[in-house]
Amino acid sequence: QVQLVESGGGLVQAEDSLTLSCVISGLSVGTYVMGWFRQAPGKEREFVAAKASRTDYADFVRGRFTIARDVVQNTVYLYMHSLKPEDTAVYYCAAARRYGVRVSDYDYWGQGTQVTVSS
C-alpha cells in the first residue's frame, strides 16, 4: 500500500521560510517522479515543483522554493523561502510513474498540509 504523508505546514509571516516534508511508504522516491502541488481556496490544484532526473518549478516559485529528495529516508522536501501571502494554500505531495507537471500525471497523493502566510 502506497502512502504519502506531508508535514511541516503552519502559519508564518511574509518573507519567512518553511520546510515541508513528505514521507513515503510503498514506493521508492528514487524510482518515481516526485512532485509538489498546491491548492488555494476556490482555485484549482496547481503544479509547484517536480523532481526526477530533471527538476522543474512553476514560474511563481522559481528562485524561492527548492525540491529535494532523500532516497535513504524515502522522503521528499520542499524548502520554501521568501514566502508571500499568495503562497497560502494546501500543499500536496504526489508521485508519478512518468514525468509530468499536470495533476492528471500523478498516481499517488498525500492528504496535504496547510501553509498560511500572513502579510
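Q: How many helices and how many strands does the protein have?
A: Helices (H or I, at least four residues) and strands (E, at least two) are DSSP runs, numbered from the N terminus. Read along the sequence, the pattern is β-β-β-β-β-β-β-β-β-β-β. The count is zero helices and eleven strands.

Q: What kind of model is this, and from which number are residues counted along each chain?
A: This is a predicted model: local features need pLDDT of at least 70, side-chain atom pairs count only at pLDDT 80 or more, and totals for chains, interfaces and linings use all residues. Side-chain values use heavy atoms, leaving out hydrogens and water, and residues in each chain, as its sequence is written, are numbered from 1.

Q: What share of the 119 residues is buried?
A: Buried means under 20% relative accessible area, exposed over 50%, partly exposed in between (1.4 Å probe, protein chains only). Buried residues make up 43%.

Q: What share of the contacts with a separation of 6 or more joins residues 24 or more positions apart?
A: Contact means heavy atoms within 4.5 Å. Among contacts with a separation of 6 or more, residues 24 or more positions apart account for 58%.

Q: Is Ser21 buried or exposed?
A: Ser21 sits in strand E3 (residues 18–25). Leaving out residues up to four places away in sequence, Ser21 touches Val5, Glu6, Ser7, Trp36, Thr75, Val76 and Tyr77. Its relative accessible area is 19%, so Ser21 is buried.

Q: Where is Asn74 found?
A: At 14% relative accessibility, Asn74 counts as buried. Asn74 lies in the loop between strand E7 (65–70) and strand E8 (75–80).

Q: Which backbone oxygen lies 2.7 Å from a polar atom of the Asn74 side chain?
A: Not counting residues up to four places away in sequence, Asn74 touches Cys22, Val23, Ile24, Ser25, Leu27, Ser28 and Val29. The backbone oxygen of Ile24 lies 3.0 Å from a polar atom of the Asn74 side chain. The oxygen at 2.7 Å is that of Leu27.

Terms used. A polar contact is a pair of N or O atoms within 3.5 Å; within protein, one must be able to donate a hydrogen and the other to accept it, and residues adjacent in sequence count only if both atoms are side-chain atoms.
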